[in-house]
Amino acid sequence: MIEYDFDDNMLNASAKRWYDVREQLTKTFGPNLDCIEIGSWEGRSAVYIADSIMGDGKLTLIDLGVKMKTLYKNLQQHPKNKNFEFLFGDSFDILSKLTDKKEAYHFIFIDGSKYSCDNLYTLLVAERLLKKGGFIIVDDYRWNRNIEKNEKNTPKLGVDLFLKTTLLCEPYDLTGYQAIIMKTKDNKSIKVNNTI
Ligand SMILES: C[S@@+](CC[C@H](N)C(=O)[O-])C[C@H]1O[C@@H](n2cnc3c(N)ncnc32)[C@H](O)[C@@H]1O
């Protein structure tokens with residue numbers, strides 16, 4: 001029996017929305033989906049993505065690696081452990097190295113740095129990596145961080161600024177704790193003459 005070592009479990013509250021996203025994705029792309037997760041900690045959400053979203057696709061995990069030992073221990077036990085790729089380091093650096101993988105992914109989950117500016121940057125890179133019809137979920141969109149009154153310390157400002165500026169994505173569901181965003185246009189729709 002698999003015995004994961006996780007400190008808590010909070011994705012259950014969003015399960016219905018994730019199910020809906022999986023339905024949309026499989027309608028467009030079929031059952032096997034290539035995914036990125038930014039912020040993996042001990043692997044709890046990675047297991048969730050492996051079980052509920054990716055089918056027999058691939059999951060690339062990006063994290064600073066603070067809990068690297070537990071993350072490996074948990075994910076080695078997973079039946080799809082050959083489908084995981086680990087990239088350790090600051091997502092700011094790692095994402096900038098993935099830019100040759102444009103429109104290669106179907107699903108991206110963002111749960112790394114909580115700074116607004118990091119979420120904005122991550123989204124701007126993520127949308128170019130995603131295929132048209134793909135989805136991004138940003139965790140903690142509605143995080144009410146009482147001890148921090150500065151909105152720059154939570155994701156929402158970054159997500160809202162991204163949605164104001166993006167030419168490729170639309171909000172899909174912003175009513176829950178997590179922001180769900182869909183890519184509705186392909187990268188080619190950004191023209192070099194700077195008009196839309
Ligand atoms: C909230 S935890 C992720 C929890 C995980 N998604 C889950 O639900 O099981 C945030 C993670 O983001 C990582 N992180 C924070 N800032 C980061 C950065 N700049 N680059 C890469 N990872 C980062 C931390 O190391 C931590 O593991």
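In this model, I137 stands opposite I180 in β7. Strands count as paired here if DSSP finds at least two bridges between them. The strands (E, at least two residues) and helices (H or I, at least four) are DSSP runs, numbered from the N terminus.

A word on the numbers before going on. This is a predicted model, in which local features need pLDDT of at least 70 and side-chain atom pairs count only at pLDDT 80 or more, while totals for chains, interfaces and linings use all residues. Residues are numbered from 1 along each chain as its sequence is written.

**Around β5**

β5 has another partner in strand β4 (residues 105-110), and these two pair in the parallel sense over five bridges. Here I108 has I136 of β5 as its bridge partner. To get from β4 to β5 the chain passes through helix α5 (residues 116-129), making a right-handed β-α-β crossover. Right-handed means that, with the strands pointing away from you, the path from the first strand over the helix to the second runs clockwise.

How much of β5 is buried? Seven of its nine residues are, so the strand is largely enclosed by the rest of the structure. Buried means 20 or more other C-beta atoms within 10 Å of the residue's own, with C-beta atoms placed from the backbone; 12 or fewer makes a residue exposed, and anything in between is partly exposed.

Helix α6 (155-165) comes into this part of the story too: the loop between β5 and α6 holds D140. The buried residues of α6 are P155, G158, V159 and F162. Viewed down the helix axis, they fall within an arc of 100 degrees, so they line one face of α6. That arc is taken from the directions from the helix axis to the C-beta atoms. An α-helix has 3.6 residues a turn, so residues three or four places apart point the same way. Among the elements covering the buried residues of α6 are α5, β5 and β7. Contact here means C-beta atoms, placed from the backbone, within 7 Å of each other.

**β2 and its neighbours**

Over at β2 (59-63), five of the five residues are buried. Both faces are covered, with L59, L61 and D63 on one side and T60 and I62 on the other. β2 pairs with β1 (35-38) in the parallel sense over four bridges, and T60 in β2 is the bridge partner of I36. On to strand β3 (residues 84-88): five bridges join it to β2, again running parallel, and T60 stands opposite E85 in β3.

Two right-handed β-α-β units are built here: one from β1, α2 and β2, and one from β2, α3 and β3. In α2 (44-52), the buried residues are S45, A46, V47, I49 and A50. They pack against β1, β2, α3 (68-76) and β4.

I62, in strand β2, counts as buried because 25 other C-beta atoms lie within 10 Å. Leaving out residues up to four places away in sequence, I62 touches I36, E37, I38, L87, S91 and I94. K80 sits 18 residues from I62 along the chain, with 17 Å between their C-alpha atoms.

Most residues other than glycine have a negative phi.

| Residue | Phi | Loop between |
|---|---|---|
| D140 | about 65 degrees | β5 and α6 |

Are these residues buried or exposed? W41 counts as buried because it has 20 C-beta neighbours inside 10 Å. D140 is buried too, with 20 other C-beta atoms within 10 Å.

**The ligand shell**

W41 turns up again at the ligand. Which of the 15 residues around the ligand come nearest? They are G39, W41, R44, S45 and S91. A residue is near the molecule if its C-beta atom, placed from the backbone, lies within 6 Å of it. At least two residues of the shell come from each of α2, β2 and α4 (91-97).

By class, the shell has five nonpolar, six polar and four charged residues. Nonpolar covers Ala, Val, Leu, Ile, Met, Phe, Trp, Tyr, Cys and Pro; Asp, Glu, Lys and Arg are charged; the others, Gly among them, count as polar.

Key
Two residues are in contact if their C-beta atoms, placed from the backbone, lie within 7 Å.
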